[in-house]
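This report describes the fold and selected local features of one protein chain. The sequence and the structure are shown below.

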Amino acid sequence: REPWAIHFVLQLRCPLRLRATSELRSLSSELRTPKSNLVYSRTTLPRGLSVPRRHFEFHIDCPISADRVFDAMTDFSEKRTEYFPNLSKSHYQVVDRRGDTAVVIEGTGPFSSREKYDWSTKGRIWSVIEESNVAAPGGITDVRIAERGSGCRVSVALDRDFVGWRGGVIVAGIYMNGGKRFFRRTYLRMLKNVQRDRRHAKKWP
């Protein structure tokens, strides 16, 4: 039986209104959900170990060109773990890379996910969770990058079904650190890492 604290975290309800667009749902349905004994699927979640779907949406205006940000976010070399502060080199593995798609395993500490990325549409990068020990398959991250003045705007939408005690820990951490601001800070740090890498002279607004 789960400790009462874990059970409480798993029963948290999101104060934000759930907003899953038909476009995001159609992207999710395109992916065949793999079966694994190491992860939970939506149809086989242990009783009491699922957390209602969370939706987060935010944007960041930055002084880096849209092309540079797009190139950095689709760079699946070792640089990826240098750009993204929440990725560990010990977890990172490129499973498959062809054309405008990639399948990678990434995470940090006890948390890991296998995700399929697609950037075949200019200015857009989306990924779908194939398997994970913290979220159910089908969770989507949709990133859109558009020119804005001399820089760009990065708009991000995430949908997640967190599962298991690890998912409960993630949910608690997210809301203790400001909900969507938790994810926004991660992307902000990533963009600043990209900026440092190119030694841009422009400062953040």
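## Overall composition

The model is predicted. Its secondary structure amounts to six helices and seven strands. Read from the N terminus, the order of elements is α-α-β-α-α-β-β-β-β-β-β-α-α.

The protein has 205 residues, and 44% of them count as buried. Among contacts between residues at least 6 apart in sequence, 58% link residues at least 24 apart.

## Strand pairing and hairpins

Strand 2 (residues 93-98) and strand 3 (residues 101-108) are antiparallel and are paired over five bridges. One of the paired positions is Arg 98, whose bridge partner in strand 3 is Thr 101. The two strands make a hairpin with two residues between them, and Gly 99 in its turn has a positive phi of about 55 degrees.

Trp 126 has Asp 142 of strand 6 as its bridge partner. Strand 6 is also antiparallel to strand 7 (residues 151-160), here with nine bridges. Ile 140 is placed opposite Asp 159 of strand 7. Strand 6 and strand 7 form a hairpin with two residues between the strands, where Gly 149 adopts a positive phi near 65 degrees.

Glu 115 counts as buried because its relative accessibility is 9%, below the 20% cut-off. Its side chain is joined to that of Ser 127 by a polar contact of 3.1 Å. Ile 129 is 14 residues away from Glu 115 in sequence, yet their C-alpha atoms are 4.4 Å apart. Leaving out residues up to four places away in sequence, Glu 115 touches Ala 102, Val 103, Val 104, Glu 106, Ser 127, Val 128, Ile 129, Glu 130 and Arg 160.

Ser 113 is buried too, with a relative accessible area of 11%. Its side chain makes a polar contact of 2.8 Å with the side chain of Ser 132. With residues up to four places away in sequence again left out, Ser 113 touches Val 104, Ile 105, Glu 106, Glu 131, Ser 132 and Val 134.

Helix 3 (residues 66-73) is mostly covered, with six of its eight residues buried. The buried residues are Ala 66, Arg 68, Val 69, Phe 70, Ala 72 and Met 73.

Helix 4 covers residues 79-83 and contains Thr 81. The relative accessible area of Thr 81 is 12%, so Thr 81 is buried. Its side chain reaches the backbone oxygen of Glu 78 at 3.0 Å. Apart from neighbours within four places in sequence, the residues in contact with Thr 81 are Leu 87, Ser 88, Lys 89 and Tyr 92.

## Helix 5

Helix 5 runs from residue 164 to residue 176 and has 13 residues. The distance from its first C-alpha to its last is 19 Å, close to the 18 Å expected at 1.5 Å a residue.

Which residues of helix 5 are buried? They are Gly 164, Gly 167, Gly 168, Val 171, Ala 172 and Ile 174. These residues lie on the same side of helix 5, because they cover an arc of only 160 degrees around the axis. An α-helix has 3.6 residues a turn, so residues three or four places apart point the same way. After helix 5 comes Gly 178, with a positive phi near 95 degrees.

Conventions
Residues are numbered from 1 along each chain as its sequence is written. This is a predicted model: local features need pLDDT of at least 70, side-chain atom pairs count only at pLDDT 80 or more; totals for chains, interfaces and linings use all residues. Side-chain values use heavy atoms; hydrogens and water are left out. Helices (H or I, at least four residues) and strands (E, at least two) are DSSP runs, numbered from the N terminus. The expected span of a helix is 1.5 Å times one less than its number of residues. Buried means under 20% relative accessible area, exposed over 50%, partly exposed in between (1.4 Å probe, protein chains only). The arc is that of the directions from the helix axis to the C-beta atoms. Contact means heavy atoms within 4.5 Å. Two strands pair if DSSP finds at least two bridges between them. A polar contact is a pair of N or O atoms within 3.5 Å; within protein, one must be able to donate a hydrogen and the other to accept it, and residues adjacent in sequence count only if both atoms are side-chain atoms.
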